[in-house]
Amino acid sequence: MNPKAAVVWLFLAFKLVLTAQIPLSSHASLSFYTGAENDLGRWDLGQAPAVNATGHLVFATANDLLQHWANTRYRNGHTIVPGTIPVGTLLYHGSITGPHLPTALDWVSVEPDHSMMFCNGSIETGCWHLTLSVTRSMKVLYFDGSSAVKIPEGSMDAQDLVAWSKMKPEWVNNEEQRIADLCKWGQKYGLNGFVRMEVNFEVMICDFTSHMEVVSFLNLESTRFKHGPPTHLPEDPSSAYRRFEIVHSASFREIYPGETRIILDFSGLISFYDTALVPSLVPRRAGLERWDHRIKGISPEDIERVQERLAQVLVRPSVTTSSIDWKTVLRVVVDRYSSRLEMMQYLLNMTLDERSIFDHAQQVQRRLRTVLLPYTLFAITPPNISVTANATNSWAVPVFRECAISHTTSIVAHGTTLTPSERLLLQAVRETTREICRVTTKMWASGFIAGVDPFYPPEERPDADYMHTLMSEWKEDMTQLISWLDWSVWVKCRPACGIEEMCYLPFAKSPINKDDDPPLQASWDGVSLWTDPNNGGWKRPKPKCIRRLEPYGSY
């Protein structure tokens, strides 16, 4: 077959496969296959995402909502999401006096271990612990990140913006004013509370007499944690254990599916990584690591735009949404790729000699082929006659495209039924899967050409120098991809903790390890409450094993 005929045959075969896969439904508009996505010339395997792209950040934060681990790691939240607390959900409140329902605005926890921290009283009188049950679905607003950690370094930016239309770090500890102003603002939208996270998830309740009933109000023995003046109760011997159990109970919600007692409405998600909604933050993030991203510096115009979008979300009837399960859409992508990418990175980080390097390259190539197998069209093989095609791997572009659009094709069919929030999530999935598929296709095609694909064994093995070059390029590609995705599922204790330990991610205001807390200055200095923002493990937390038995602590 001459070169021209080979190229024509490859194009026709690819077009035939595409035509066979277009769904025949009332939503199957051919417009999806027009423009950039149908132009193979725009699917460049050498084109990495723009430096200021944020689709992967929208993806990662949306996938991590209501998960303690991820929101401890990146404490400065960038997402506001409406949600509900279902009927029958139990909520808890610890108090000193009682048994009287709080008459003012107050807080409840989703875990009794957490609320018991606030169950304080004298040895003679004990304390009072309230258990409530939701009787009518509660409408709430969730701020992601460690949004209940009272530090002026960004964790409370989003709620300050909602309550006061600007950040007020000097009011970092003014919780009474914050809850009062949030509830006053939320009254016109029918909001019953606001969900935040510190050591565990909590709800700021705007009215204890609405949507809830008392299950029990028990007089309990006071907990004896050391906080406040030395005249308070001495810490009893079991306090260390109780402190550990507070952290342990938070670990129940560390990873997916996270806190399931709060149901989020992804179709109303608002992200400060949305560059169309909040363009003023793009230059603010330039050159910063994700740890240091925050909402501070947002322009007045963008604040107004966010407030308008939030108002639209909170008054919108639910029938206007597409009913797409975005939580699952996001998670399916993570489940499909996370462990395979992690294994490939592990293989590529091994130190290899000349005898083992080819076998290791084949192991990586097998995993690349597994990732791309559902998208590897029958007609796709590298043309032996085109040096350019092999150098750029352009022959593999159809595989790249099919892989990249596989998770979004059916969603696009919904078209105009998507809310602005859903269009943002759709774009986030597109950008994220495009880069995963670009890198894995590029690596797979390079391995194919190099002769390490077990399905097409070479007549002669490549020499060791060539293999070292290939593996080095692969390692760089995979390292950059995993760093760019930055999924919290990869953040874990290595080696894994033993049976008497648990993996722990330090967070500010930790109840068990005060070395992780930021050092508090004696007074407000107009800039920061902390002498050194980089001091301690809370700033850039790294996982570590801590003991589950006495004596508590880390190794």
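This is a short tour of a predicted model, stop by stop, with something to select at each one.

**Before you start**

Residue numbers start from 1 along each chain as its sequence is written, and side-chain values use heavy atoms, with hydrogens and water left out. Because the model is predicted, local features need pLDDT of at least 70 and side-chain atom pairs count only at pLDDT 80 or more, while totals for chains, interfaces and linings use all residues.

**The whole chain**

Show the cartoon for the protein chain: there are 16 helices and 12 strands. These are DSSP runs numbered from the N terminus (helices are H or I, at least four residues; strands are E, at least two). Of the 555 residues, 53% are buried; buried means under 20% relative accessible area, exposed over 50% and partly exposed in between, with a 1.4 Å probe and protein chains only. Take the contacts between residues at least 6 apart in sequence: 76% of them join residues at least 24 apart. A contact here means heavy atoms within 4.5 Å.

**The largest core**

Next, select Phe266, Trp326, Tyr337, Leu341, Trp444, Trp474 and Trp487. They have the most contacts inside the largest nonpolar core, which has 90 residues. (A nonpolar core is a set of buried Ala, Val, Leu, Ile, Met, Phe, Trp, Tyr and Cys residues joined through side-chain atoms within 4.5 Å.) Which helix gives the most to this core? It's α15, residues 420–450, with 13 residues. Apart from this core lies another one, of 32 residues, including Ile80, Val162, Phe194 and Val313.

Now center on Trp474. Setting aside neighbours within four places in sequence, Trp474 is in contact with Leu348, Ala361, Val364, Gln365, Leu368, Met443, Ser446, Gly447 and Val452.

The crossing is left-handed, which says the near helix is turned anticlockwise from the far one by less than a right angle (clockwise would be right-handed). To see the contact itself, show Gly55, His56, Val58, Phe59 and Ala62 on α2, then Leu424, Leu425, Ala428, Val429, Glu431 and Thr432 on α15.

Move to the loop between β5 (138–143) and α5 (157–164), where you'll find Ser147. Is Ser147 buried or exposed? At 1% relative accessibility, it counts as buried. Its side chain reaches the backbone oxygen of Phe143 at 2.8 Å. Beyond residues up to four places away in sequence, Ser147 touches Ser155, Met156, Gln159, Val195, Arg196 and Met197.

Ser155 is found in the loop between β5 and α5 as well, and is buried at 4% relative accessibility. The side chain of Ser155 reaches the backbone oxygen of Val149 at 2.7 Å. With residues up to four places away left out, Ser155 touches Arg75, Asn76, Ser146, Ser147 and Val149.

**Helix α5**

Follow the chain into α5: 8 of its 8 residues are buried, so the helix is largely enclosed by the rest of the structure. Those buried residues pack against β1 (79–85), β5, α6 (175–186), β6 (193–197) and α9 (300–315). After α5 comes Ser165, with a positive phi near 65 degrees.

- Pro257 lies in the loop between α7 (239–250) and β9 (263–264).
- Glu550 and Pro551: a cis peptide bond joins them, with omega about -5 degrees. Pro551 is in the segment after β12 (544–547).
- His211: phi is positive, near 70 degrees, in a residue other than glycine. Look for His211 in the loop between β7 (201–205) and β8 (212–220); it is buried, at 14% relative accessible area.
- Asp486: not a glycine, yet phi is positive at about 55 degrees. Asp486 sits in the loop between α16 (464–485) and β11 (501–504) and is buried, with a relative accessible area of 15%.

Methods. A polar contact is a pair of N or O atoms within 3.5 Å; within protein, one must be able to donate a hydrogen and the other to accept it, and residues adjacent in sequence count only if both atoms are side-chain atoms.
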